[in-house]
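Please read the following note alongside the sequence and the model.

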Amino acid sequence: MRIFKRSVFLVGLLGLVGCSGPVDSRVETPSLAVPHPSTNVKPAESVAESDATDVKSVKPQSAEDPVAVSFRVPNNALHAGDTFEISVDFEIAMSYEIRDRNAPPPAISTLIELELPNGFDAIEDWSEPASVRSELPDGHMAYVGKTSFTRRVRMADSVVPGQYDLSCLFRYQACNPRQCLRPVESKLNVSLTIRPD
C-alpha cells in the first residue's frame, strides 16, 4: 500500500513539474540570436557535379535546413597564370531568410571564406547580391530566394599542372516569422584541374 501511495505521489509530482522530451533544435523567437556555432567545422554532406562549364559541390536543402549551398569553379582549360571566377550560390526556401554579411552582433551574419592552395590568391572582395529589408519587426537586412556571390581568383605563373582542392567555409542562420533555426557552419570542397601549357 505504501509503495502504491508513493507511486501515485511521484506521478502527481511529475504532472505538476512536467517532463521534457528531447530538446528541439529550433529557437522560437526570431530576434533571439543563438551563440556562435562550434569552431569544429565539418565538411558538408555534399553532392559533386560537373558539366561543360562548371565543377561544383552542393549541400542540398533538407527538412531541418531550408538552405541549399553550392560552390562552383570553372570546368574549362585553366593554366598557370590564369584568373578565373568562383561562385557560391545560396537557395533559400520560401518564407525563410538569412542575415546579410554585415549583420551586427548578436545576430549571426552570413559568412563566406575561401581556403585556397599555395599559388592561388583571391582578388578584390566578394561581388554579392543586394540584401532586402526583412519582414520581421526589426526590419534588418537579409538575403532571400536565390542569391549568388562571386569572386575572382588569380593563379601564380609558378603553379604546376595538376589537380588542386579549393574549399569554401560558410555560415548562416535561417529564420522565418515564427522561428530562427540553429546556425549552420560547414565547408564545401571542389577539385580544379590545371593543365600544362
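1. A residue counts as buried under 20% relative accessible area, as exposed over 50% and as partly exposed in between, with a 1.4 Å probe and protein chains only. Helices (H or I, at least four residues) and strands (E, at least two) are DSSP runs, numbered from the N terminus. Strand 4 (residues 54-59) has 5 of its 6 residues buried, so the rest of the structure largely encloses this strand.

2. The model is predicted: local features need pLDDT of at least 70, side-chain atom pairs count only at pLDDT 80 or more, and totals for chains, interfaces and linings use all residues. Residues are numbered from 1 along each chain as its sequence is written, and side-chain values use heavy atoms, with hydrogens and water left out.

3. Strand 4 runs antiparallel to strand 5 (residues 67-74), and 6 bridges join them; strands pair if DSSP finds at least two bridges between them. Ser57 has Phe71 in strand 5 as its bridge partner.

4. The whole structure holds 1 disulfide, a disulfide being a pair of cysteine sulfur atoms within 2.5 Å. Cys175 and Cys180 form it, with sulfur atoms 2.1 Å apart. The torsion about their S-S bond is about 110°, so the disulfide is right-handed. Cys175 is buried, at 4% relative accessible area, and Cys180 is buried at 1%.

5. Rings of Phe, Tyr and Trp (its six-membered ring) pair if their centres lie within 6.5 Å; planes under 30 degrees apart count as stacked, over 60 as edge-to-face and the rest as tilted. The count comes to 6 aromatic pairs. Phe84 and Phe120 form an edge-to-face pair, 6.4 Å centre to centre with 75° between the planes.
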